[in-house]
Amino acid sequence: MSEIRRESILKCYTDINQLNDTDRLLLEEAKKAVDTSYAPYSNFHVGCALQLNNGVIVKGSNQENIAYPSGLCAERVAIFSAGANYPNEAVKIMAITVKSDKFKVIEPIMSCGACLQSMSEYEMRFKKPMRIILQGETGDIYIAEGLKNFMPFMFWTDELKG
Ligand SMILES: [Zn+2]
């Protein structure tokens, strides 16, 4: 028996002013996107701002539905919008932040598995890892270089080729 280990690295920053200009701008845009969230059921508002290779910023927010599975997370709203409107542009950076009507979110919230899987498709498609920036309403900011830091054993299309 042997063990297979893969390392995840998240850089942690304690203040938005420690980020470079682009990362700070994206996080600020994600915070603006929180206000477009439609979350009357969870009262948990998520905002996402991504930057494409051509510099364009695309935003998304969670859109809930009374039939719960019909709603969609902010990350997928943003990345599918980018894919539909800018099909040939790689996603360079995604910033994701949250706000709850019920409590103060003081730690970064990780994206759900379905969003991570959807985001990974864009890394594979453009063969380019994306930088992911996470922050709660306040508190520490986590930055990861590539989705493998969140899904170290992620499913790659290479595995379909046999
Ligand atoms: Zn999600």
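What share of the contacts in the chain between residues at least 6 apart in sequence join residues at least 24 apart? The share is 65%, where a contact means that C-beta atoms, placed from the backbone, lie within 7 Å. The model is predicted: local features need pLDDT of at least 70, side-chain atom pairs count only at pLDDT 80 or more, and totals for chains, interfaces and linings use all residues. Residues are numbered from 1 along each chain as its sequence is written.

**Figure 1. Overall fold of the chain.** The chain holds 3 helices and 6 strands, in the order β-α-β-β-α-β-α-β-β from the N terminus. Helices (H or I, at least four residues) and strands (E, at least two) are DSSP runs, numbered from the N terminus. With a radius of gyration of 16 Å, close to the 15 Å that the globule rule gives for 162 residues, the chain is as compact as a globular protein of that length; the radius is taken over C-alpha atoms, and the rule is 2.2 Å times the number of residues to the power 0.38.

**Figure 2. The open sheet.** Six strands are arranged as E1-E6-E5-E4-E2-E3, with mixed pairing; two strands pair if DSSP finds at least two bridges between them. Strand E1 (11-13) and strand E3 (57-61) form the edges, each pairing on one side only. Neighbouring strands are turned by 15° against each other on average, direction ignored; axes are lines fitted to C-alpha atoms, for helices over the stretch in contact, and angles run from 0 to 180 degrees between N-to-C directions. E1 pairs with strand E6 (residues 141-145) in the antiparallel sense over 3 bridges, and Tyr13 has Ile141 in E6 as its bridge partner.

**Figure 3. Helix H2 on the sheet.** Helix H2 (residues 74-85) touches strand E2 (44-52), E3 and strand E4 (91-100), and its direction makes about 145° with that of E3. Among the buried residues of H2 are Ala74, Val77, Ala78 and Ile79; a residue is buried if 20 or more other C-beta atoms lie within 10 Å of its own. Their cover includes H1, E2, E3, E4 and H3.

**Figure 4. The largest nonpolar core.** This core has 31 residues, and Cys48, Leu50, Met94 and Ala95 have the most contacts inside it. A nonpolar core is a set of buried Ala, Val, Leu, Ile, Met, Phe, Trp, Tyr and Cys residues joined through C-beta atoms within 7 Å. Not counting residues up to four places away in sequence, Cys48 touches residues including Ala30, Ala33, Ala78, Met94 and Ile96.

Methods: Contact = placed C-beta atoms within 7 Å. Buried ≥ 20, exposed ≤ 12 C-beta atoms within 10 Å, placed from the backbone.
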